[in-house]
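Please keep the sequence and the structure at hand while reading.

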Amino acid sequence: MTAPQSDEMQLRAGLVRVMKKMAASGLNRGTSGNASVRFGDGILVTPSGIVPDLLDEDSIVEVAADGTTSPGAKRPSSEWRMHQRILEKRPDMNAVVHCHSRHATILACSHKPIAAIHYMVGVTGGTEVPVAPYEVFGTSELADTVVASLDGRLACLMANHGQIALGRNLDHAYALAEEVEEQAAVYYGTLLIGEPHILSDDQMAEIFNQFRGYGQKR
Ligand SMILES: [Zn+2]
């Protein structure tokens, strides 16, 4: 067996880091949640059923485009198909993060999309964060409903399950998962108080315009 390339090792280390970060920040608990990055025609994905504390670079699993893994590799996350299909659909994105963060999961269990309660909902690429219909975890059907619900956006909730976010790289995908959880918590709070004020489509259009001019320019 040839030694892994250093960029592969960096990607594996990044996946270990993001799983530990999700556990430390409370976005995830125990063995739930998973993450992946594009790697050649396939993906590198976190393994099934290993707590973040016990993860290392060697536990990360390479899944080829045809779904096969190398002999001796650990079993990939049960959601590897979902990661693979999301990345197939978005060649401009390279990483996917899935977690069961509390407020996103509360809304997902109520089948309630995150409305445009705050302009930061717009960072997910749409005027709301939709809910993908319920399917059993780890199934091909779940992968399909999530891809269909994303529909060009960078995040969605998953009915009676959790949330998923994708990004240019792992840091971007993680930041979006964190933002989805924050906006879910804010929306949940306004629903408790009652009568949340939702931004209109016109107001959100202004936000998307503003985002285009935001940040450092070269
Ligand atoms: Zn899950």
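An open sheet of 7 strands, with mixed pairing, runs in the order S3-S2-S1-S4-S7-S6-S5, where two strands pair if DSSP finds at least two bridges between them. Its edge strands, each pairing on one side only, are S3 (61-63) and S5 (131-132). The model is predicted, and local features need pLDDT of at least 70, side-chain atom pairs count only at pLDDT 80 or more, while totals for chains, interfaces and linings use all residues. Residues are numbered from 1 along each chain as its sequence is written. Helices (H or I, at least four residues) and strands (E, at least two) are DSSP runs, numbered from the N terminus.

**Strand pairing**
- S1 (residues 34-39) and S4 (residues 95-99) run antiparallel and are joined by 4 bridges, with Asn 34 opposite His 98 in S4.
- S5 and S6 run parallel and are joined by 2 bridges, and Ala 132 has Met 158 in S6 as its bridge partner.
- S6 and S7 pair in the antiparallel sense over 4 bridges, and Met 158 stands opposite Gly 162 in S7.
- The hairpin of S6 and S7 has 3 residues between the strands, and Asn 160 takes a positive phi near 55 degrees there.

**Helices and the sheet**
- Helix H1 (residues 6-25) lies across S1, S2 (42-45) and S4, running at about 160 degrees to S1; axes are lines fitted to C-alpha atoms, for helices over the stretch in contact (C-beta atoms, placed from the backbone, within 7 Å), and angles run from 0 to 180 degrees between N-to-C directions.
- Helix H3 (residues 102-109) packs on the sheet, touching S5, S6 (155-158) and S7 (162-167), and its direction makes about 115 degrees with that of S7.

Terms used
Contact = placed C-beta atoms within 7 Å.
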